[in-house]
Amino acid sequence: MSARSVRRKVAVVGTGSIVSGSHLPALRAHAERVELVAAVDVDQGRLDAFRELAGAEVAGYTSMGAMLDAVRPGLVLIGTPPSLHKEQTVAALKTGAWVLCEKPLTLSLAEYDEIAAAEEASGAYASVVFQHRYGSGAVHAHELIASGELGAPRVAHCQTTWHRDEAYYTVPWRGTWASEGGGPTMGHGIHQYDLLLHLLGPWTEIRAMAARLVHDTESEDVSTALVRFENGALATVVNSVLSPDEVSRIRIDCADATVELTHLYGHRNEDWVYTPAPHVASERAAAWRTPAADAPSSHTAQLGVLLDAYDNGVRPPGSGPDARATLEFAAALYKSAFTGQPVHAGEIAPGDPYYPAMHGDHPHWAPKERA
Ligand SMILES: NC(=O)c1ccc[n+]([C@@H]2O[C@H](COP(=O)([O-])OP(=O)(O)OC[C@H]3O[C@@H](n4cnc5c(N)ncnc54)[C@H](O)[C@@H]3O)[C@@H](O)[C@H]2O)c1
């Protein structure tokens, strides 16, 4: 914690699963630095249940605008369905509050650029929750790869093979472009390939496929991609909600070592394995082990990093161009899958159908009437 640290007034917007189960514990873990003063939900029952959990001193509101006017929080945590993220993030930024919003931050690159403009106008920052970047294992792997200690990255696999049943898709905001923004590419695999992009740096080209094999959704329920990175590495990416044996995995083969992460919904140090190449001396490989202090990937870890940035008045990680790159990857994956063409970084700009909507108005994939 910085010496200039002050206790920030925080409000949460949306009091469902992720806010109750992950943001509230994160706020409690950082109680010396934050004070939860207000909660907003349009569902009075959920709001009441959350306030019972969080404490009666947390003021309850059913309107975000009324909360912002009355409370003027310094930081707003947003955990509402994805279609609301842009509007609510912009509303908070307009009051000068910083924002930490759940993934996906927006439904499209066009929406993302509206947030960038609102940041510029307000001087405050909006970050997106990608908690897997922030555990100690990921921080260590990032340092080893970025410093060149493992040698040049050459081949990578990024796998989100999860399972979601019919009941999961009965929640009304799931499975449509307008409310969820996409299928496992936008909602599930985005965590893992965000971490892959964080570890490997900028990508240059993507060739992808997507299919709707099982669920009655507008969006895909599986996607796969081949990716070329600026550093020359080639990667495969799989995003699935059709996989009975669930696992989240990243494997990066560098010149001097293979680094592997295997977990499901969150990682700890023991989930990272380094295997040296035959030519690497064992003393050198021993030094790669993740340091003993174990910070699991979590909302708590990300909130701490955001508060450090807030105290120092600097752009937090997971915001601005950094977070836009992950969303651009999603847009490019969809564009390549739906058009059958390779897509290059930077090509989806205003005027491109995949800029305002991930479905790109493609006739097979654009929204249909739901029964
Ligand atoms: N980071 C992660 O690992 C992770 C995991 C699960 C979900 N999420 C994300 O979190 C978000 C919420 O998911 P969830 O599973 O908690 O959903 P949820 O349905 O349990 O909760 C959403 C809440 O938002 C409320 N809400 C709806 N409209 C509102 C409005 N206008 N103002 C205020 N509140 C409103 C709902 O009443 C509900 O209580 C999604 O973007 C999802 O992708 C992230």
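**Salt bridges and a buried glutamine**

Reader: How many salt bridges does the structure hold?

Author: The structure holds 19 salt bridges, a salt bridge being a side-chain nitrogen of Lys or Arg within 4 Å of a carboxyl oxygen of Asp or Glu. This is a predicted model, in which local features need pLDDT of at least 70 and side-chain atom pairs count only at pLDDT 80 or more, while totals for chains, interfaces and linings use all residues. Residues are numbered from 1 along each chain as its sequence is written, and side-chain values use heavy atoms, with hydrogens and water left out.

Reader: Which residue does R324 meet in a salt bridge?

Author: The partner of R324 is D113, at 2.9 Å from N to O. This pair links distant parts of the chain, 211 residues apart: R324 belongs to helix α11 (residues 320-339) and D113 to helix α5 (residues 109-122). Helices (H or I, at least four residues) and strands (E, at least two) are DSSP runs, numbered from the N terminus.

Reader: Which residues are linked in a network of salt bridges?

Author: R8, R33, D308 and D311 form that network.

Reader: Turning to Q192, is this residue buried or exposed?

Author: Q192 counts as buried because its relative accessibility is 1%; buried means under 20% relative accessible area, exposed over 50%, and partly exposed in between (1.4 Å probe, protein chains only).

Reader: Where is Q192 found, then, and what does Q192 touch?

Author: Q192 lies in helix α8 (residues 190-200). Leaving aside residues up to four places away in sequence, Q192 touches C158, Q159, T160, S248, R249, I250, L261 and H263, where contact means heavy atoms within 4.5 Å.
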